[in-house]
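Subject: The structure, and what turned up in it

Hello,

Here is the structure for you to open alongside this note. Please have a look through it first, and then read on.

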Amino acid sequence: MKVALGQFAVSKIWQENAEICLKLIRQAQEGGADLLVLPEGILARDITDPHIVLKTAQRLDGPFMAQLLAQSCKSDLTVMMCVHVPAGGQRVFNNLVTIRGGRIISQYLKLHLYDAFAAKESTNVQPGSAIPELIEVAGLKLGLMTCYDLRFPELARRHAVDGADVLILPAAWVKGPGKEAHWDVLVTARALENTCYIVAVGECGERNIGASMVVDPLGVAVVRAGEAPALIFAQIDPKRIDHARSVLPVLANRRFARPELA
């Protein structure tokens, strides 16, 4: 499977972000990718306005997603991204949406909200209540996570036990002392402890680190972006997964039961 990672700085104007996404989808299609992963919160971002997610949230039948769905009709490319959608009441959902062939094929409402490091995502965002099902792309099974989910090993392990080959992680990883090191360690750990590839795509810009990367099942970084906007590609090799699980059979050797949502 050929995967594309589309890293960019999200604007506070949704139309500008839609144009960037459309360009990245076209470039991924032209590059022969099977999967394009975009960051978290791509509808709008404004570091001066903590409530922008409430003001800019759109339904999935709204104008932002309509443009992406129209472009996705032009190939078999699968595209994943996180957008904020109305939840009813005073909060929104942080929704990891997967599209293919002009259709929405899955949705995952973020389970773990970023109430840490002086941030409080739960002020404006309502948590999801279900573990997402695996998605198949190019013959491989993909497990979905979003940003802060990375700090909780249970979801990644649940996906691996359920048969995931690849973990997908759109993110907007906030800058701060030691935060890029946290990203490196945790992305690598989730891949290595589950002998899965992980495709981790971060927003860049004033607030977030970027640093999108693919890590293989033995903890090797296959490709990595810096702090600037970028589109990078990587190959996901099923033989590498088979090799990792033969020399490091942690899934077979585990003594704990399948994680369940509390």
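A word on the ground rules. This is a predicted model, so local features need pLDDT of at least 70 and side-chain atom pairs count only at pLDDT 80 or more, while totals for chains, interfaces and linings use all residues. Residues are numbered from 1 along each chain as its sequence is written, and side-chain values use heavy atoms, with hydrogens and water left out.

The chain as a whole

The chain holds seven helices and 12 strands; these are DSSP runs numbered from the N terminus, with helices being H or I of at least four residues and strands E of at least two. The C-alpha trace spans about 50 × 40 × 30 Å along its principal axes. Of the 262 residues, 53% are buried, where buried means under 20% relative accessible area, exposed means over 50%, and partly exposed is in between (1.4 Å probe, protein chains only).

Contacts here mean heavy atoms within 4.5 Å. Among those between residues at least 6 apart in sequence, 68% join residues at least 24 apart.

On charge, there are 28 positive and 27 negative side chains, and the centres of the two sets lie 2 Å apart. Lys and Arg count as positive and Asp and Glu as negative, leaving out His and the chain ends; each charge is placed at NZ of Lys, CZ of Arg, CG of Asp or CD of Glu.

Strand β4 and its partners

Strand β4 covers residues 92-100, and eight of its nine residues are buried. Strands pair if DSSP finds at least two bridges between them. Strand β3 (residues 78-86) runs antiparallel to β4, joined to it by nine bridges. Five residues lie between these two strands in their hairpin, where Gly88 has a positive phi near 85°.

Strand β5 (residues 103-109) is also antiparallel to β4, with six bridges between them. Ile99 sits opposite Ile104 in β5. The hairpin of β4 and β5 has two residues between the strands, and Gly101 takes a positive phi near 60° there.

His84

His84 is part of strand β3 and stands opposite Asn94 in β4. This histidine counts as buried because its relative accessibility is 7%. Leaving aside residues up to four places away in sequence, His84 touches Gly41, Leu43, Val53, Ala57, Gln58, Val92, Phe93, Asn94 and Val125.

Best wishes
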